[in-house]
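Please examine the sequence and model before reading the solutions.

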Amino acid sequence: MRGSNWRAAIDGNDCIRRTGTLLISYFYSCQSLPSQDSEGLVTCLDETRHGLEDGNYVTFTEVQGMTELNGCEPRKVTVKGPYTFTIGDTSNFGNYKSGGIFTQVKMPKIIEFKSLRESLITPEFFVTDFGKFDRPATLHAGFQALSRFRSQNNRLPRPRNADDAAVVVSLAKAINADVDEKIVAELAYQATGDLSPMIAVIGGFVAQEVLKACSAKFHPMVQHLYIDSLESLPATLPTEEDCQPIGSRYDGQIAVFGQKFQEKIANHRQFLVGSGAIGCEMLKNWSMIGLASGLRGIIHITDLDTIEKSNLNRQFLFRAKDLGKFKAEVAAAAVSEMNPDLVGKILANQEPVGPDTEGVYDEAFFDGIDGVTNALDNVKARLYMDQRCVFYKKPLLESGTLGTKGNTQVVIPHLTESYGSSQDPPEKETPSCTVKSFPNAINHTIEWSRKQFENLFIKPAQAVNTYLSEPNYLESSLKYSGSSKEQIEQIVSYLVTDKPLTFEECIIWARLQFERDYNNEIRQLLFSLPKDAVTTSGQPFWSGPKRAPDPLVFNSSDPTHLEYVIAAANLHAFNYGLKGERDAAIFRKVADSVIVPEFMPRSGVQIQVNENEPVAQADDGGKPSDEIEDLKLKLPSPSSLAGYRLTPVEFEKDDDTNFHIDFITAASNLRAMNYKIEPASRHTTKQIAGKIIPAIATTTSLVTGLVCLELYKIIDGKNKLEEFRNGFINLALPFFGFSEPIAAAKKKYGSTEWTLWDRFEFANDPTLNDIIAWFKSNHNLEITMVSQGVSMLWSSFVGKKKSEERLPMKFSKLVEHVSRKAIPPHVKQLVVEIMVSDEDGEDVEVPFLVVQI
C-alpha cells in the first residue's frame, strides 16, 4: 500500500452498536454536585455488564434530570469495573434524577501507513500464527527474492528444482541473512503452484480489506500479511519428476503436492452435511482441487432445505431459477458443471442427519466414507454428527461464521477432543415477563410480535382443525390442561362467534385486535401497576429498565396503525380462505366505522413482575365446570362440519407479498410506541424475527479455505497433534488465531488409560452374564448397572427374580424385553452404558460398550 492517511470508523468487535440500560450516579454519595475535577460515574442496572473498554466512547438518551447528556457529543470512557465506568466532568450539569440509556459510538481513527519502499526495508507484519512468529520476516525476504528471480530469468522457479531453489535462497539471504533457508526453499519449490483453498483464504481477506477502503468501516490491516500452511504438505514430499505438469486442470496443485498425492485427493470419499453458504463454498473448493474425481472417489451431500430468495446473496451455486428446489441437488449439479470430472461422483440426499435416519446413514454408509465435513447452522445437528463421527471413528471438519467472525475445528480419531467435548455457554434469553409486560428494547417488542403472529394466525387454526379431526379432542387433550377454558374460548371464537364470512369482517376483527393489544391490555397493566406504584422497599416501580407504557388511540391516518390492520386482516382472511385486499381506503373506511366496546379494567389480575415469580395462568376458577360446559354447547359438532378446515399460516420471511413481515413489523412498532421505544425498520425486524444469521461471502470464503487446508492433512493421514490447526478469525479487527487442537482427555481405570474414542466391543450377541463375567475376569471390575438408550436393563439392586430372568438373556432379547420395543432391522449394534466398581467398591468410569447383535 502507498503511504497515506486512512480515516476509518473502527468497529472493534461487531457492526451493531451495543446499548445498555444504566443508572448514572456520582463517585461521592452526597447529594451535592461533584467538584470541578470529579467525574460522572455510570452504573449499569441489575448488574448488567457494560462490555466497554478504556478509551471507548458513549452517548446518552432518555436521561432524566441531567438532560445535558441526552444526545451529547461522544464522551470518553474510563472503565472502573464490569458494571461501572466514568465519562468525565459532569459538575456543571443538572441534578440527575433517573433513567438513561448509553450507546457505544465508534469514533474515526487516523492510521498511518508506510510507503511500499519504506515498508520493504522496515516492515510491519500482521501476524496470523504466533506459533510461527519468526516466519513473516523470512517470507518477506523470500517473496522479494522470488520477484528478483523472476526478473532475472523471466520465469518462476521450477517445481521442486533444487538449483532454482538455491538461487532464490541466495537472493533471500542477501536481503536478510537470518532467513530460514528451508522455508525459502519451499517457497521456491511451490512458486508455480496454485491452491484453491489458499486462494480462498487470501481472496476472502483481501476482499474484506477492499470493502474497508470503500466504506471506512472496520479496522484495516497494518501492513504486510504473510500466511502459510506448510503443514499441509504430504509427509512424503514429492520429487521434481512427480510435480511436472501433465496438462490437466490440476497442474497448479500438482506443482505443490505431486501427482501421487493428487491421486489420493481424487480417490477420497467425503460426506458434506449441509449445502448452504459454507456448503456451497466447500463444494466449489472441492471441485477446484478435484476431490473425489477419481475412480474410487465419492461425495455425499445432505440438506433437507430448499432454496429461498435470501440465500442468493451468499450461496453462489444457486440462481433465481433454482428457487424452491432442494439445495443439495442444485449444488451437486452446479459443481458437476463446474468440473465435469465430478459428474456421477456426487450423491445428493434430502434426508436430514438424526436418530430417525440412522437406517439411511448406517454402519455401511460410514464404512464407505473417509471423513465428514459439517456445514451446518445449528448446534444440535453439529453435536449429533460429532457423536456419529466419534462412534464410527471418522475425522470431522467443523466450521462456522457469524458476520466477520469465523472458526474452524478439526477432529481426529484417537488424537483430538471432539466438537462436543467443550461447548459455548447458552445464549442469555430475555425473561418472559420482560417480553410480555416490561419491554425496554426493540428486540423485546419484535419477539412479542413474533409470538402474536403464532397466537393469532397459526395456533388457533391448528386447534380448530384438531377439534374437527380428532374424536373426543376436548375430553382427551384438554382434560389435564390448566387453561382449558381459554383454549375452548379460542376454538369458539375462531369457529363460531368471530368466524368471518366476508373480508370486511376480517377488517373489523383486526381493528378490535388493535384495541385489545395496544389499548385495553396497556390500560389493564396500568390499572394493576399504576404509574405511581412503588416496590416493597418504597422505590418507584416504573424505574430503571421498566418503562411505564401509554395506551394507543387508533388513528387510521397513522401509517403504522393502518399497516397493522391491513396485514392482520389479510392474514385472518387467509386462515378462512377469503380473498384479501390492499386498497388502503377500504381499510380506513371500515376501521373508522367500527364501534369499539367499552373496556373496564378488572381487579385482581396477576402480573408476573420478575422471572422468579410463577407465570400467571388463565383462571378457570369461580364456576369452571358450568362455564366450560356452556362454552362446549356453543361448538358445532365436528360431524356437522365434515371436511371443513382452517388454513394455518406458515411463516415465510422472504415473500414480501404475504403480509408476514408486514404484520410483525407493524405489531412490534406499535408496541414500541406504547413503551416509547425507538421503532425498527422492516429490514431490521425481518432480520431479528426471521433469525437471520449474518453471513458475508468474505468470511465464508476464508473459513472454507482454512477447512480445506486441514482436509489435505486428513487425506495424507497425518496423526500428530502439532500438524493440525484450529482457527479463529475476525476480519473486522482484523485477527487471526491458530492453535493446535486440544488433545483428547485421558481417563484411567486400573492401569489402563482411555479417551472418548475408546470402547469395549462384544460380538455375537452375548448374554448379560457373559459381559459381567468378562469384566470380572479381565479387569477385576464389578458391573453394578447396565443401560441402553433410556432403558435400565439391569442393576445390582434389582430383585432376585428379575436378575435370574435377565442375566441369561441374549443382549438383543434383553433390550426388547425391557424396552418393550422391537429393535429396528437396520440396527446391527447397540451402544450400552455401564457403571462399574473396583475391588474396593469405588465407582470407576469406563468407556461405553458396543454390542454386536
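The exercises on this predicted model treat peptide bonds and then phi angles.

**Exercise 1.** Determine the peptide geometry between Val-222 and Gln-223, and locate Gln-223.

*Solution.* Step one is the omega angle, which is about -5 degrees for the bond joining Val-222 and Gln-223; this bond is cis. Step two is the location: Gln-223 belongs to the loop that runs between α5 (196–215) and β11 (224–225).

**Exercise 2.** What is the geometry of the peptide bond from Leu-733 to Pro-734, and where is Pro-734 found?

*Solution.* With omega near -15 degrees, the bond from Leu-733 to Pro-734 is cis. Pro-734 sits in the loop between β18 (726–730) and β19 (735–739). As background to both exercises, most peptide bonds are trans.

**Exercise 3.** Carry out the analysis for Lys-676, covering phi, location and accessibility.

*Solution.* Lys-676 is not a glycine, yet its phi is positive, at about 55 degrees. Lys-676 lies in the loop between α21 (660–674) and α22 (682–689). Its relative accessible area is 49%, so Lys-676 is partly exposed. For context, most residues other than glycine have a negative phi.

Key
Residues numbered from 1 in each chain as written. Predicted model: local features only at pLDDT ≥ 70, side-chain atom pairs only at ≥ 80, totals over all residues. Heavy atoms only, no water. Helix = DSSP H or I, 4+ residues; strand = E, 2+ residues; numbered from the N terminus. Buried < 20%, exposed > 50% of the residue type's maximum accessible area, 1.4 Å probe, protein only.
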